[in-house]
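Have the sequence and the 3D view ready as you read.

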Amino acid sequence: MRIPAHSVCTAIRDDIVAGVYERGSRLTEELLARRYGVSRVPVREALRTLEAEGFVVTRRHAGACVAEPTEQEAADLLEMRGLLEPLGASRAAQRRTEAHLKVLRGLVRLGQERAKRGNSDDLRSLGSWFHETLAQSTGSPALTSILAQLRHKIAWMYAVEAPADPVESWTEHGAIVDAVARGDGERARAITALHTERSLAAHRLRFGTGGERAERVRNSQHPVNMPSLRH
């Protein structure tokens, strides 16, 4: 494999998330440079970035290793997402562009069509694209970056089952976009909070006693009065 030097960080992160490198395993510059077809300099820079993001740790006598997050750290990520995604939707309602709306509406249309047909593989990628676009619509590079890191880490730590009712899930996506289009930040925030909370039950930790963690996060959150999705 040979990739551009500036893409090394993304490639290593993607491989960590995909489980190519197991938790706690060593990441040597020489082997990584050989795998990705680059010199050791971009690998060293990538490892520093990944350490700052929490995917890599440096251990005495071992060097860079894949991090080994605890169950509490994993649960914290879901709770953080539950706070930040509704904030992002509220900001998107204030700052989105017509280009963002066009993409979001197109994704909702495709998602609703695929949901009715039961195409679960397509729905997973469409859902990721939807949330990435919604984050970009916030007009805040810092918030967009944080949400992207959360998505990467959650994908690394959790296996996510398909929604029990994909049609309902994409109805919620559509309601979020409608609120964003109208500039209704409070409604966008509330519907996104509901959508995020409902998704918790589908998350299963890839390590430890994962079946309980998402449930614990859900039980720790304060109840919120949610609006009807029909407006």
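## A charge over a ring

The charged end of Lys153 sits over the ring of Phe55, 5.9 Å from the ring centre. To count, NZ of Lys or CZ of Arg must be within 6 Å of the ring centre and within 35 degrees of the ring normal.

This is a predicted model, where local features need pLDDT of at least 70 and side-chain atom pairs count only at pLDDT 80 or more, while totals for chains, interfaces and linings use all residues. Residues are numbered from 1 along each chain as its sequence is written, and side-chain values use heavy atoms, leaving out hydrogens and water.

## The tilted pair

How many aromatic pairs does a search of the whole structure find? There are 2. Rings of Phe, Tyr and Trp (its six-membered ring) pair if their centres lie within 6.5 Å; planes under 30 degrees apart are stacked, over 60 edge-to-face, and the rest tilted.

Phe55 and Trp156 have ring centres 5.2 Å apart and planes at 40°, so this pair is tilted. Phe55 lies in the loop between α3 (40-53) and β1 (56-59), and Trp156 in helix α7 (residues 141-157), 101 residues apart. Helices (H or I, at least four residues) and strands (E, at least two) are DSSP runs, numbered from the N terminus.

Phe55 is buried at 0% relative accessible area, and Trp156 is buried at 3%. Buried means under 20%, exposed over 50%, and partly exposed in between (1.4 Å probe, protein chains only).

## The edge-to-face pair

Phe130 and Trp170 pair edge-to-face, 6.1 Å centre to centre with 75° between the planes. Phe130 belongs to helix α6 (residues 120-136) and Trp170 to helix α8 (residues 166-182), so the pair ties together parts 40 residues apart in sequence.
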